[in-house]
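Good morning, and thank you for the time.

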Amino acid sequence: MVQGSANWNTELTKEWLQNYVDDWISFYRKHITDGEVASYIPILQEANPNHLGITIIGKNGMTIRSGDVGIPFTIQSISKVISFIAACIERGVAYMLDRVDVEPTGEAFNSIMHLEMKQLKKPFNPFINAGAITVSSTLIGNTSDEKLESIFVLLEKMLGYRPAVNVDVYESERDSSMRNRAIGYYLLETGFLESDLNITLETYFKQCSIEITTDDLARIGMILSNDGEDPETQEEIIPRQIARIAKALMLTCGMYDASGKFATYVGIPAKSGVSGGILALSPPRVRDEELPFTEGCGIGVYGPALDDKGNSIAGIRLLRHIATQWDLSVF
Ligand SMILES: NC(=O)CC[C@H](N)C(=O)O
């Protein structure tokens, strides 16, 4: 209990939490210079490396926003969570798990090594590029825009508005996508793709270029934390089974080849993207002492300076600090 208050949800408590998060943001801004913005997609270099922002939304709606929030950025690899969920809703879980496995690789997100070396029957998981491109190929539709519809419908249900593709980022990725094209051709040769290669890649590049904010990520996280149900309306946006699989994948594969360390030191489901976004969430938890957000919360982070694995450098350190202070770990 804090300051004699039995209720964490009072304005006083919100202010108190807000002050802490503001302090932590200021502190972790100093870590930004240890990282660099992504450059392999040329336009991403234009991001301001000094940005760092966080939004936290509790199940009861309590919202903490701090730092550089409200800045739009592209969702990048975080879209892999959304496309996998959309495909599971459209095609069914069994169908999708026949086509992508649920095992971490310990390799970079754009690696193809295991797929070739081990002659796998399916990509390791839907959060590496090979798996995500396979998932994009399963989305229903004859054009990339038709395929993207289920992703947009899902996002609109969660966010309350329909986000848009940032065309400049899409074109920059499309025109510099040698590795993803190589992965695509490999998937085509091995028979993993269910749609035309060009339409599949176009779908994948566009889904990565959808523009969102930390508020949007926190909202998605909050709904996942609540097993796919919108706590306000009680509407089931994502079936519980699919939400749980998505969270298990986030915990085991969400932070590329740093997923083990993130699970160890932070201990919550999360998914990052090369633009510097992180979608994270804390499921409801039971503790003897009163702590913030025990009913569960979603967290959205933006910090485009990345570490050598491609994760937001200050964002990860900030999340580690918050998770430690508020005892968020699921373990
Ligand atoms: N890690 C990422 O965010 C990668 C997404 C990026 N669009 C790519 O495919 O390379």
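By class, the shell around the ligand comprises three nonpolar, seven polar and one charged residues. Here Ala, Val, Leu, Ile, Met, Phe, Trp, Tyr, Cys and Pro count as nonpolar, Asp, Glu, Lys and Arg as charged, and the others, Gly among them, as polar. The shell consists of Gln76, Ser77, Phe109, Asn110, Asn129, Glu173, Asn180, Cys208, Gly273, Val274 and Gly310; a residue is near a molecule if its C-beta atom, placed from the backbone, lies within 6 Å of it.

Please note that this is a predicted model, in which local features need pLDDT of at least 70 and side-chain atom pairs count only at pLDDT 80 or more, while totals for chains, interfaces and linings use all residues. Residues are numbered from 1 along each chain as its sequence is written.

The ligand lies between domain 1 (11–71 + 213–325) and domain 2 (76–208), because both give residues to the shell. These bounds come from an automatic or database domain assignment.

I turn now to helix α11, residues 240–253; helices are DSSP runs (H or I, at least four residues), numbered from the N terminus. Its buried residues are Ile242, Ala243, Ala246, Lys247, Leu249, Met250, Leu251 and Cys253, where buried requires 20 or more other C-beta atoms within 10 Å of the residue's own, all placed from the backbone.

Finally, Ser150 is in helix α6, residues 144–159. Ser150 counts as buried because it has 20 C-beta neighbours inside 10 Å. Between Ser150 and His321 there are 36 Å in space, C-alpha to C-alpha, and 171 residues in sequence.

Definitions and conventions
Helices (H or I, at least four residues) and strands (E, at least two) are DSSP runs, numbered from the N terminus. The expected span of a helix is 1.5 Å times one less than its number of residues. A residue is buried if 20 or more other C-beta atoms lie within 10 Å of its own, exposed if 12 or fewer, and partly exposed in between; C-beta atoms are placed from the backbone.
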